Amino acid sequence: MASQLHTSCPASWWTIGVCILAAALSPGLQAQTVLVNDTVSGFIGTDVVLHCSFTNPLPNVKITQVTWQKATNGTKQNVAIYNPAMGVSILSPYKERVTFRNPSFKDGTIQLSRLELEDEGVYICEFATFPTGNRESQLNLTVLAKPTNRMEGTTRPLIAKAGRTEKILVATCTSSNGKPPSTVTWDTKLKGEAEFQEIRNSNGTITVISRYRLVPSREAHRQQLMCVVNYQLERFTDSMTLNVQYEPEVTIEGFDGNWFLNRKDVKLICKSDANPPAHTYEWKLPNGTLPGSVEIQNNTIYFKGPVSYSVAGTYICEASNAIGTRSGLVEVNVTDKPLPQGAPGGIIGIMGGVIAAVLIIGVAVTVFVVYRRQQKNRTEADHDLIDLPPSHKPAPPPKRKQELKSHLTAEDIQVVHLDNMKHEEEIQKLPLQPQYYDMAASEPSPYTDKLNSGNKDCDVHYAELDTSALASSPSPRSSIHAGGDLVEYATIQPNLR
């Protein structure tokens, strides 16, 4: 509902201030308004209600009449009048179609029945008051027309021919006498095109026509074509299945590539894809006549008796329908003996794949088991070495040359020659170190027994050299008495930097 206040103030800029002042000084005038619908719509043949009410808080204002008018080409035409003294009056062409719902000094609502397209327009609801004058508001009435929809297929036969490029009409979809106009679309997998046309009728309605065209083809046969019409919140659909006629497409079955001498019960079958179906089949050889041992039944040629070399050749089958004739051929070869029949390729491929998968899994399991056994053996060996006494532990592996290079340089290694004259002086300068004894019981071995027996006459003294003593000694040379002989050896002295 929307309200509008209409005064008699002229719409000129210099009078705006006067109108505002008059409205401010007349609070009763401000309160007097006519309330109507902004927009009302309805379909042809239905009924609509045009609401109109008047607010009159001032008791000294008197309503004398309620009038409905229609604005046409700048003029006003009376539709219905309510006068408390004279009653209700309905004017043509609205007689018997307009009624006041509850006429009173405050309610001027009317009902317009059986809408017609001519009823569309601007309607004015006016209240005549005394002594304040007339008050009015206007609304727009829109009349809708629901269209009539239909889909029609072409009566022209659809024939597919080689080399044809012309698009022909397949179907027409029409939405007639709609207001506002409908939206027409096509839903299909066909590779055609649509054209649209709008026709404005004299009564204000619009007719929408869409035509669908395509080049007939074998692929279009039995395809669906759907017309979709959307109007307001309604949806209309209709569909058809295309019937495209085309000449036969021929294939020959029966020859498996293994026709050999004395084979029995062989035949060739001529099959065709055609619309309408092929009605005749003809068998022939390109360079001669058919063997006498054959029998033709419609689209099948039977070879009587055992196969011989005489049945070899190129067999041609021609199939014909109302559209045209097409042919197919097959080359028949005859061998002395049957060809070896192996397992189907698909089965062989599957078996090969399974065998390959099993081999791969077996290799992977074997590698894993061997690796686990090696790891287990290494672990047991490490445990055994940990449990051995110190005397039985193997010597650590010698350092690699690369490792020695990383720790020692040529400057760190000194070779000392000990002579006979200075050995006593050098020995006296070296502090004596306690002898080292291995407290662990050593087991005798053939090697140690031989060594002991060979050194009975030699007294060998072992002294543990203190690296700190050597570092602090004035001379880096050292000597050891072994059986009265002086031994020269090289000491590795750390290079203190």
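1. In this predicted model, Cys-270 and Cys-317 are joined by a disulfide with an S to S distance of 2.0 Å. The link between Cys-270 and Cys-317 is left-handed, with -95° about the S-S bond. Cys-270 belongs to strand 23 (residues 266-275) and Cys-317 to strand 27 (residues 313-320), so this pair ties together parts that are 47 residues apart in sequence. Cys-270 counts as buried at 0% relative accessibility, and Cys-317 likewise counts as buried at 0%.

2. A disulfide also connects Cys-173 with Cys-227, with 1.6 Å from S to S. The torsion about the S-S bond of Cys-173 and Cys-227 is about -50°, and the disulfide is therefore left-handed. Because Cys-173 sits in strand 15 (residues 168-178) and Cys-227 in strand 19 (residues 224-231), the pair ties together parts 54 residues apart in sequence. Cys-173 and Cys-227 are buried.

3. The sulfur atoms of Cys-52 and Cys-125 lie 1.9 Å apart and form a disulfide. Its torsion about the S-S bond is about -85°, so the disulfide of Cys-52 and Cys-125 is left-handed. With Cys-52 in strand 5 (residues 52-55) and Cys-125 in strand 11 (residues 121-130), the pair ties together parts that are 73 residues apart in sequence. Both Cys-52 and Cys-125 are buried.

4. As to the overall arrangement, the count comes to three disulfides under the criterion that the paired cysteine sulfur atoms be within 2.5 Å. When the bonded cysteines are counted along the chain, the disulfides follow the pattern 1-2, 3-4, 5-6.

Technical notes: Residues numbered from 1 in each chain as written. Predicted model: local features only at pLDDT ≥ 70, side-chain atom pairs only at ≥ 80, totals over all residues. Heavy atoms only, no water. Helix = DSSP H or I, 4+ residues; strand = E, 2+ residues; numbered from the N terminus. Buried < 20%, exposed > 50% of the residue type's maximum accessible area, 1.4 Å probe, protein only.
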